[in-house]
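Dear colleague,

Please find the structure below, handed over for your use.

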Amino acid sequence: MTTSNINIEDFSVITEGKASILFPKDNAVFYNKVQQFNRDMSVAAIRTWSEIFLEEKEKKARKTKETSTAIVQSKNNTFTILEALAASGLRSIRYAKELPNIDFIVANDLDADAVKSINQNVEHNGLSKELVRANQGDACSLMYQHIEYHKRFDVVDIDPYGTASPFLDAAVQSVQNGGLLCITCTDLAVLTGSTYPEKCYANYGSIPTKGEFCHEMALRILLYTLSTCAARYQRQIIPLLSCSIDFYIRVFVRVVISAAEVKKNCCNTSHIYVCTGCKSYYLQPLAKLKENNSYVPMVGPIVNSNCEHCGNKFHVGGPIWNSSIHDKEFVRKMLTHVKNSSTEVYGTHARMLGMLTVISEEIDVPLFHSISVLSSKLNCTNPPLKQFCSALLNKGYKVSASHAMAGSVKTDAPMDVIWDVMRSWEKLHPVTMKNIAENSPARKLLAVEPSFIADFKIHKDAEPPSRKIKLVRYQQNPEKNWGPKPRASGKRKTKEVGNSERHAKKLAE
């Protein structure tokens with residue numbers, strides 16, 4: 001059996017969504033089934049964004065008297081996509097077959113064999129080379145060639161092997177005003193821990209700190225880096241959806257030209273102080289906007305040299321993005337679209353519903369707490385999640401889960417209130433003090449009487465709808481030996497990884 005001059009017998013055929021991809025039989029290892037969720041979410045996010053974007057274009061065209069009807073119908077009802085690191089072209093082909101109103105897609109890769117593979121897969125899927133345009137070139141060079149207004153892409157998708165930081169400067173310039181950046185980073189060992197602070201600072205200009213909230217902090221570090229890259233060119237970022245997924249993070253961000261909004265970045269940026277003992281944390285914004293619309297530096301630091309709760313020193317992290325990481329209206333529209341779609345369209349439909357629902361329930365507060373960590377600092381039993389949340393709700397504070405970790409609690413309650421809730425719980429379930437070391441945080445925390453006795457009576461909002469209807473809220477390991485595939489070597493390198501692998505290798509040198 002052949003498709004044109006392609007001998008199908010030489011390939012493994014993998015179907016995902018509406019795309020059918022040819023992988024050389026010695027190269028099937030580089031199809032990572034776990035990443036289907038990434039691609040499913042990307043299709044849904046771009047589709048949701050495109051409806052907003054094209055409606056805005058149409059409204060703008062109607063207001064422009066010089067714009068003819070023909071131009072409105074042809075130019076303002078389509079959009080363009082760049083997949084900067086396309087490898088086999090699977091993602092681009094899915095976009096071409098599953099997204100309406102596409103003008104064209106550029107599927108770029110540095111490697112000649114990868115470009116050959118893209119062309120084969122375009123032909124195999126019955127698509128035109130005008131719709132999916134395979135291009136061989138360096139990703140950054142290509143994006144820099146498209147920074148002029150009439151050359152910019154409406155969507156720029158960057159999904160590298162490792163960090164996306166080398167591509168961000170070019171990406172924020174090559175995306176159209178109001179366009180969409182889809183960015184993946186898989187270097188979570190760098191972004192989420194304190195083992196390689198120098199590497200994180202080199203890549204992102206930020207220092208991570210240890211904490212249960214590390215995956216959300218990774219998102220906020222990436223958004224901070226994107227905001228600073230965009231601000232150099234008077235561009236504002238608007239995070240639409242920010243996801244911590246398996247072994248990587250993925251953000252969907254609009255880029256809008258606005259010199260006035262860019263000035264607010266100093267208010268949307270914070271350092272973070274994390275206690276080395278009890279793990280209490282505090283955010284310190286860099287500046288504030290006064291009533292007369294002037295910006296002034298914040299007075300600080302927000303903490304003393306020693307933690308007021310346990311007496312230990314602080315680690316300083318950041319800067320990080322302290323503003324919204326999701327747009328609630330966008331998430332609502334995307335969730336509605338997924339609900340109205342079938343599992344044939346999105347193979348990871350159940351997980352998409354779960355994650356988007358949890359995200360839609362998140363309160364707009366930076367970072368989160370873990371009940372098990374709080375309990376461990378007092379050496380006490382864990383309060384049930386519903387009762388802990390009820391105590392905060394009964395005190396008048398907001399509470400939600402975070403999609404980034406099961407058992408997490410996002411809240412606007414300050415640390416002194418959180419510790420008083422935990423002290424109240426300990427009074428109901430006393431610890432044995434003789435088992436607690438003299439210099440431990442627990443002794444210092446429990447030596448203080450709570451300023452109020454928490455009410456653990458179950459609050460009606462303590463259990464979110466996503467838990468009540470038994471959605472797949474937090475993914476378990478989907479298959480044996482799941483996770484990022486190993487780096488390619490030898491012949492297989494040029495077959496699939498291509499541009500992404502080469503850039504990763506340069507970074508490692």
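I begin with a point of backbone geometry. Alanine 87 is located in the loop between β5 and α3; helices (H or I, at least four residues) and strands (E, at least two) are DSSP runs, numbered from the N terminus. The phi angle of alanine 87 is near 55°, a positive value in a residue other than glycine. Most residues other than glycine have a negative phi, and most peptide bonds are trans.

Please note that this is a predicted model, in which local features need pLDDT of at least 70 and side-chain atom pairs count only at pLDDT 80 or more, while totals for chains, interfaces and linings use all residues. Residues are numbered from 1 along each chain as its sequence is written, and side-chain values use heavy atoms, with hydrogens and water left out.

Two cis peptide bonds may also interest you. One runs from glycine 300 to proline 301, with omega near 0°; proline 301 lies in the loop between β15 (295-297) and β16 (314-321). Another joins glycine 318 and proline 319, with omega about 5°, and proline 319 is placed in strand β16.

Turning to the sheets, seven strands form an open sheet in the order β7-β6-β5-β8-β9-β11-β10, with mixed pairing (two strands pair if DSSP finds at least two bridges between them). Because β7 (132-136) and β10 (235-245) stand at the edges with a single partner strand each, one side of each is left without a neighbour in the sheet. On average, neighbouring strands of this sheet are turned by 15° against each other, direction ignored; axes are lines fitted to C-alpha atoms, for helices over the stretch in contact, and angles run from 0 to 180 degrees between N-to-C directions. Within this sheet, β8 (residues 153-158) and β9 (residues 175-185) run parallel and are joined by five bridges. Valine 156 stands opposite leucine 181 in β9.

An open sheet of three strands has the order β17-β19-β18, with antiparallel pairing. Its edge strands, β17 (369-370) and β18 (399-402), each pair on one side only. Three bridges connect β18 with the antiparallel strand β19 (residues 405-411), where methionine 405 is the bridge partner of serine 402.

Helix α1 (residues 36-63) lies across β5 (79-83), β8, β9, β10 and β11 (248-257), and runs at about 15° to β11. Helix α9 (residues 214-231) lies across β9, β10 and β11, at about 160° to β10.

How do α1 and α11 pack? Helix α1 and helix α11 (residues 328-339) pack at an angle of about 120°, with their axes 9 Å apart. That makes α1 oblique to α11, since angles under 35 degrees count as roughly parallel, over 145 as roughly antiparallel, 65 to 115 as roughly perpendicular and the rest as oblique. The contact involves residues of α1, including Met41, Trp49 and Ile52, and residues of α11, including Phe330, Met334 and Val338.

Finally, a search of the whole structure finds 23 salt bridges (a side-chain nitrogen of Lys or Arg within 4 Å of a carboxyl oxygen of Asp or Glu).

With kind regards

How values were computed
Contact means heavy atoms within 4.5 Å.
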